Every structure is written in structure tokens, then in C-alpha cells.
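Thank you all for coming.

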Amino acid sequence: MIANYHTHTPRCNHADGKERRYVERALKGGFSELGFSDHTPYFFDEPGYYSSFRMRPEQLPDYVETLLALREEYRDRIRLFIGLEAEYYPKLFPRLLDYIRQFPLDYLILGQHALYNETEGVFSPRPTDDAKLLDQYRNQSLEALETGLFSYFAHPDLFCFTGDPRAYERHVRTLCRRVKELDLPLEFNLLGRSEGKHYPDPVFWRIVAEEQPKVVIGCDAHNPAAVWNPALIAEAEAVLSGFGITPLQTVPLRPIRA
Ligand SMILES: [Zn+2]
Ligand SMILES: [Zn+2]
């Protein structure tokens, strides 16, 4: 593994460690590219609604400035990219774009942590057997990817569906086929694996292996050590290889400028 595009900072309230330490860790692992993609700020319509797992809008300037300075400092040793991990919330996304386009950001990755516009309270990792919600997760995610503004789909198997396995299989196949048409990679998420979460889901990845969209490994690092965890990376590569999947080494980043 020589690149990781899924890296957080403490601004999201659930990550630790200075940005510099993430960069140093990537260098130690011999990476040639490191992308930061902390949880995006969002502007919510409901007064007083607080989304605790993301930076606030007023933190974005410092995020970008800090990383620009590190990019300059480390320019001869590693390529640093500045991005955000964003949900696609249809009602709120245009305002978000207007805001983040004021900054020199390199890319977005899609992490669809909640459905609709978040304030409805339907969170993707919460187990449900409701096939309508599964459809909503897929349709909303595909609508996001179809904007052309996202460079890849992070933990695409984040939605925890406990209902009819045939419905789940249809869902994964539909998702894979469209993502393949869009030529966008699906992320095999190392955080889910290291924390024993329901993803990466073997059923999901068996179907990925059959449908063959592009795949990339993402560390989803919430601390510097997680940027390069050699045992975990080796294990993930072995799992993917067992499915006959060869992950991309680097991902072409799509611009978010208008
Ligand atoms: Zn996070
Ligand atoms: Zn993440």
C-alpha cells in the first residue's frame, strides 16, 4: 500500500493526534501519497441541531491552512492532498458546496453516515430490516456519486441491513454495476475491520468480486498509527486476494471546483 485518502483530524471530535504525526506515520510506511478527508462541516436548517461527529464550518479555514503548510514543508517527501469526507444530504448539499468551494480542496469522498438530511435520525450503521431504507441508502449514495464530485465511496457497506438476504444481494449488485459504470472505486475500510464492526461485510465483498468495480483500501485513520498498520493492511490484502480482488494503488482525484 502506497497511498491512503481516508484520514481524519481531531476536529471531528473523535480522532486524536496532530496532522504532522499522521504525515510522519505515512512516511514511515513508505507511502507516496496521503490524503486528509476529515468529516466535513455541514449547515443544518434546524436551529440548534448539533452534529457532533464533524468539524464546525468555522474550523475549515484552519484545517486547510494547517494542511497547506504541511504540504509545503513535506513537498519533497510525500504528496499531500486536502479533502473532506462528506455525506450527500440533498437539501443541504448545495449550500455545503458553495462554502467549501471557497477553499483550495483537492477532493471529496462519500461517507453516507445518515439518510435523508441527517436530522431525521436515520443512521446507516444502525441495524434495520427495512428494505425501503436500504433502497434509500443506495439511491441517495448513487445520486451523490452521479454528481461527479466524489472521488470514491467510503465504507459502502456501512448500512447494516438485517432483512431478506435476497434483497441485500440485489442491492449490492445494483450498487456495484452503477459504480462500475461511473468508474468510481469502492473502499475496503480498515477501521471497520480493526474494530470488529459489521463492515467490511463478506457478503458484500463476494458480490463486489463478481461484479468487479474498482476497489481501494482506506485506512479511515482516526489516530496516526492507523495510517500505517502493517498487520492490518496485510490481512486486508489477503482477504481481498482471497476474493480475487486487486485494489488500486492510487486513486485519481476528481476536482470539486465549479
Ligand atoms: Zn470518523
Ligand atoms: Zn472516515
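Let me begin with a question: in which loop does Asp 220 lie? Asp 220 lies in the loop between strand S7 (215–218) and helix H8 (230–242), where helices (H or I, at least four residues) and strands (E, at least two) are DSSP runs numbered from the N terminus. Although Asp 220 is not a glycine, it has a positive phi of about 50 degrees, and it is buried, with a relative accessible area of 4%. Buried means under 20% relative accessible area, exposed means over 50%, and partly exposed is in between, with a 1.4 Å probe and protein chains only. Asp 183, which is not a glycine either, has a positive phi of about 60 degrees, but Asp 183 is partly exposed, with a relative accessible area of 40%, and its place is in the loop between H5 and strand S6 (186–189).

Before going further, a word on the source. This is a predicted model, in which local features need pLDDT of at least 70 and side-chain atom pairs count only at pLDDT 80 or more, while totals for chains, interfaces and linings use all residues. Residues are numbered from 1 along each chain as its sequence is written, chains are lettered from A and ligands numbered from 1 in the order in which they are written, and side-chain values use heavy atoms, with hydrogens and water left out.

Now the overall picture. The protein has eight helices and seven strands. Its radius of gyration, taken over C-alpha atoms, is 17 Å, close to the 18 Å that the globule rule (2.2 Å times the number of residues to the power 0.38) gives for 258 residues, so the protein is as compact as a globular protein of that length. Of those 258 residues, 55% are buried.

Let us turn to strand S4 (residues 107–110), whose two faces are both covered: Tyr 107 and Ile 109 are buried on one side, and Leu 108 and Leu 110 are buried on the other. In a regular strand the side chains alternate between the two faces of the sheet. Strand S3 (residues 79–86) runs parallel to S4 and is joined to it by four bridges, and two strands pair if DSSP finds at least two bridges between them. The bridge partner of Glu 85 in S4 is Ile 109. On the way from S3 to S4 the chain passes through helix H3 (residues 93–100), in a β-α-β crossover that is right-handed; that is, with the strands pointing away from the viewer, the path from the first strand over the helix to the second runs clockwise. S4 is also joined by two bridges to strand S5 (residues 152–153), again in parallel, and here Ile 109 stands opposite Tyr 152. Together with helix H4 (residues 131–146), S4 and S5 make a right-handed β-α-β unit.

Finally, a peptide bond: the one from Tyr 199 to Pro 200 is cis, with omega near -5 degrees. Where does Pro 200 sit? The place of Pro 200 is in the loop between helix H6 (190–194) and H7.
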